[in-house]
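Load the model in your viewer and keep the selection panel open. The stops below go from one chain to the contact between two.

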Number of protein chains: 2
Amino acid sequence: MAKLVECVPNYSEGRDLEKVEKIVAHFKNVEGLTLLDYSSDPDHNRSVVTLIGEPEIVKEKVIASIKTAAELIDMTVHQGAHPRMGATDVVPFTPVSDVTMAECIELANEVGEAVGQMGIPVYLYEEAATKADRVNLADVRKGQYEGFFDKIKEEGWEPDYGPKEMNPKSGATAIGARVTLVAFNINLDTPDLEIAKAIAKKMRAKGGGLAYVKAIGLKVEKRNITQVSMNLVNYQKSRVYQAFEMVKMEAKRYGVNVVGSEVIGTVPMESLISAAEYYLQIEDFDITQILEKRLLDK
Amino acid sequence: MAKLVECVPNYSEGRDLEKVEKIVAHFKNVEGLTLLDYSSDPDHNRSVVTLIGEPEIVKEKVIASIKTAAELIDMTVHQGAHPRMGATDVVPFTPVSDVTMAECIELANEVGEAVGQMGIPVYLYEEAATKADRVNLADVRKGQYEGFFDKIKEEGWEPDYGPKEMNPKSGATAIGARVTLVAFNINLDTPDLEIAKAIAKKMRAKGGGLAYVKAIGLKVEKRNITQVSMNLVNYQKSRVYQAFEMVKMEAKRYGVNVVGSEVIGTVPMESLISAAEYYLQIEDFDITQILEKRLLDK
């Protein structure tokens with residue numbers, strides 16, 4: 001199992017599970033592709049699919065799924081709590097093994113071109129972005145489906161692929177390349193939300209903190225505590241243990257202690273193994289010493 | 001890839017690589033079995049093979065390899081630095097995923113029975129041992145090939161399978177079941193070997209330390225420091241982080257510091273992930289949150 005890419009396409013259908021199954025069917029029983037997970041949220045009216053596989057196979061099947069989504073989902077009648085701009089809303093590619101970011105950007109472009117040919121406007125984002133103001137998905141999606149009929153005609157917002165006008169039924173699609181995101185929350189023994197917010201601010205790149213950390217302060221109502229909730233957008237550069245130690249350090253100023261942490265969802269082994277390496281002071285560790293890594297590489 | 005067992009058979013041939021290749025050929029290009037590694041040591045005159053796969057396939061191929069070793073290796077002329085008692089010397093089975101220790105013991109018995117039917121005496125060891133004095137491989141192998149012609153006739157040393165007399169050409173074989181062993185060394189900033197030995201003694205189960213830790217003190221000549229060299233024989237019970245913190249604690253008594261550690265060879269992901277969990281205070285972590293774990297489980 002050599003070249004592996006992850007893709008987490010989001011589709012704007014989370015209520016009609018028959019439609020969802022037809023979209024997800026493209027990823028079932030495919031040689032060279034593993035459907036890791038998919039879930040539908042009726043409030044968001046959105047389904048999130050996680051799949052991993054050989055780049056060419058992932059590309060082919062993702063394109064096919066976007067075609068099916070364009071046929072089944074009608075954005076003119078779509079409602080849901082989650083921000084969205086298209087029937088297939090976002091399609092991020094992430095390198096997993098033996099695949100470079102450059103290859104993921106190439107994949108995003110190839111899928112983008114194919115989707116454009118379906119008559120759907122495509123915006124490339126994150127590492128695949130063609131302009132600085134398209135790096136952040138939130139900036140791209142701003143205005144959402146309803147606002148895009150005008151936004152697409154604004155100077156600087158012409159799509160990277162596809163027609164220069166909105167597709168009413170399918171909307172527009174954001175396709176990107178990014179490193180795996182690690183969601184990591186740290187619980188504080190204070191109910192004071194202001195303290196959690198102040199620490200979060202010090203953690204963020206914009207606040208002078210870690211370069212690849214996004215952080216906010218939150219209440220954890222049921223435990224009467226607060227939390228620094230973080231996304232590590234490049235866990236190979238800003239490390240989990242750095243985020244942990246820096247929150248502890250900043251909390252000291254307020255006489256506040258860290259009472260625990262949470263790793264949310266799926267994370268790559270290396271994000272936690274590197275913490276073990278740090279705390280155990282392991283010299284010259286090589287990730288191929290991990291049995292499971294060797295099994296996957298075979 | 002659900003049920004997986006590891007097997008590390010050792011064969012008493014490390015010089016004639018044509019013979020080694022014929023033995024190892026049983027493990028190449030086999031569906032459901034991965035040959036992770038094999039190496040031959042001419043001084044030891046011994047080859048060690050590491051393979052992982054589905055229990056039934058591993059069993060079948062290991063039995064076939066033992067038959068080939070019995071044909072190709074003649075113990076009457078074998079010489080080598082490493083202790084040994086048979087052409088196939090030891091065959092340990094280790095649970096990797098979705099396999100219990102009971103199943104590994106069953107595997108050891110099934111392979112033992114088949115090898116016994118080849119006319120080779122078999123001794124079960126470690127978790128598969130049928131008597132207390134057969135748990136340690138060193139106790140079983142004591143006397144080695146040359147001594148076994150008498151030992152096999154001593155009361156209490158009749159084999160678990162096979163003939164009750166020595167096989168001159170193939171010797172005897174030890175077959176066992178055990179958990180993965182984690183080799184973990186901790187470096188101390190003192191050249192005083194007595195301190196390293198004293199700490200090692202406190203670490204060992206026999207010295208009142210951790211129940212599943214074997215430890216010795218060693219010199220690291222090239223760095224003019226010393227080391228507590230440990231085997232964690234059950235890393236799920238006595239944890240890597242416990243061993244690390246306890247060595248640090250004991251070293252304090254001598255004003256000695258830990259300057260680093262080494263993880264030797266291949267280790268299961270969980271042995272280090274559990275250290276990250278401890279140091280990062282992660283709440284409710286589930287190993288299936290690790291991407292690579294999920295890929296392997298699919």
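Predicted model: local features only at pLDDT ≥ 70, side-chain atom pairs only at ≥ 80, totals over all residues.

Residues are numbered from 1 along each chain as its sequence is written, chains are lettered from A and ligands numbered from 1 in the order in which they are written, and side-chain values use heavy atoms, with hydrogens and water left out.

Strands here are DSSP runs of E of at least two residues, helices are runs of H or I of at least four, and both are numbered from the N terminus; two strands pair if DSSP finds at least two bridges between them. The hairpin has four residues between β3(B) and β4(B), and B:N45 takes a positive phi near 50 degrees.

Next, select β9 (residues 213–220) and β10 (residues 225–232) of chain B, an antiparallel pair with eight bridges. B:I216 faces B:S229 of β10(B). Four residues lie between these strands in the hairpin, and B:N224 in the turn has a positive phi of about 55 degrees.

Now show both chains. How many residues does the contact take from chain A and from chain B? The contact (heavy atoms within 4.5 Å) takes 44 residues from chain A and 44 residues from chain B. Chain A and chain B bury about 4,000 Å² between them, 65% of it on carbon and sulfur atoms; this is the accessible area (1.4 Å probe) lost on putting the two parts together, summed over both.

Zoom to A:R223 and B:E283, a salt bridge with its closest N and O atoms 2.9 Å apart. The count between the chains is two salt bridges (a side-chain nitrogen of Lys or Arg within 4 Å of a carboxyl oxygen of Asp or Glu).

Colour the side of chain A that touches chain B by element: β1 (4–7), α7 (240–252) and α8 (269–279) are among those that each supply at least two residues. β11(A) gives the most, with seven residues.
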